Amino acid sequence: MKFRIIVEPDEDGVFVATVPSLPGCVSQGGTREEALRNVREAIEGYVLALSDDGFRVPEEHFDALLLAV
């Protein structure tokens with residue numbers, strides 16, 4: 001499975017990774033690479049929990065656009 005993620009630094013310099021297609025699936029790390037490793041683990045746990053509870057994994061629906069102003 002593939003999911004789009006958003007990684008951005010917060011005000012403390014910690015990198016926060018969110019998965020828009022999986023509500024509440026968020027992780028963080030001290031570096032971008034650590035945040036990516038951590039969010040991969042969070043996605044795996046999220047998907048496993050859905051499967052264990054008999055729910056479908058949501059299809060990827062996130063669409064990103066870059067708007068210049």
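**Entry 1: the strands**

I began with strands E2 and E3, which run antiparallel and are joined by four bridges. I note that this is a predicted model, in which local features need pLDDT of at least 70 and side-chain atom pairs count only at pLDDT 80 or more, while totals for chains, interfaces and linings use all residues. Residues are numbered from 1 along each chain as its sequence is written, and side-chain values use heavy atoms, with hydrogens and water left out.

I recorded the terms before going on. Helices (H or I, at least four residues) and strands (E, at least two residues) are DSSP runs, numbered from the N terminus. Two strands count as paired if DSSP finds at least two bridges between them.

I then looked up the pair E1 and E2. Strand E2 covers residues 15-18, and four bridges join E1 to this antiparallel partner. Within this pair, I found Ile-6 opposite Thr-18 and Pro-9 bridged to Phe-15. E1 and E2 form a hairpin with five residues between them. In its turn, Gly-13 has a positive phi of about 85°.

**Entry 2: the sheet as a whole**

In what order do the three strands lie in the sheet? I read the order as E1-E2-E3, in an open sheet with antiparallel pairing. Strand E1 (6-9) and strand E3 (26-29) are at the edges and have a single partner strand each, so one side of each is left without a neighbour in the sheet. From one strand to the next, the twist averages 20°.

**Entry 3: the chain and its helix**

I counted one helix and three strands in the protein chain. Their order from the N terminus is β-β-β-α. Helix H1 (residues 32-52) lies across E1, E2 and E3, and runs at about 150° to E3. For such angles, axes are lines fitted to C-alpha atoms, for helices over the stretch in contact, and the values run from 0 to 180 degrees between N-to-C directions.

For the chain as a whole, I noted that the C-alpha atoms fill a box of roughly 40 × 30 × 15 Å along the principal axes. Of the 69 residues, 22% count as buried. Buried means under 20% relative accessible area, exposed over 50%, and partly exposed in between (1.4 Å probe, protein chains only). Among contacts (heavy atoms within 4.5 Å) between residues at least 6 apart in sequence, 30% join residues at least 24 apart.

Ala-17 stands opposite Ser-27. Ser-27 counts as buried because its relative accessibility is 17%. Not counting residues up to four places away in sequence, Ser-27 touches Phe-15, Val-16, Ala-17, Asn-38, Val-39 and Ala-42.

Is Ala-35 buried or exposed? Ala-35, in helix H1, has 0% relative accessibility and therefore counts as buried. Leaving aside neighbours within four places in sequence, Ala-35 is in contact with Phe-15, Ala-17, Gln-28 and Gly-29. The C-alpha atoms of Ala-35 and Asp-12 are 14 Å apart, with the two residues 23 places apart along the chain.

Leu-67 lies in the segment after H1. Leu-67 has a relative accessible area of 71% and so is exposed. The C-alpha atoms of Leu-67 and Val-57 are separated by 30 Å, and these residues are ten apart along the chain.

**Entry 4: the largest pocket**

By class, the lining has seven nonpolar, no polar and three charged residues. Ala, Val, Leu, Ile, Met, Phe, Trp, Tyr, Cys and Pro count as nonpolar, Asp, Glu, Lys and Arg as charged, and the others, Gly among them, as polar.
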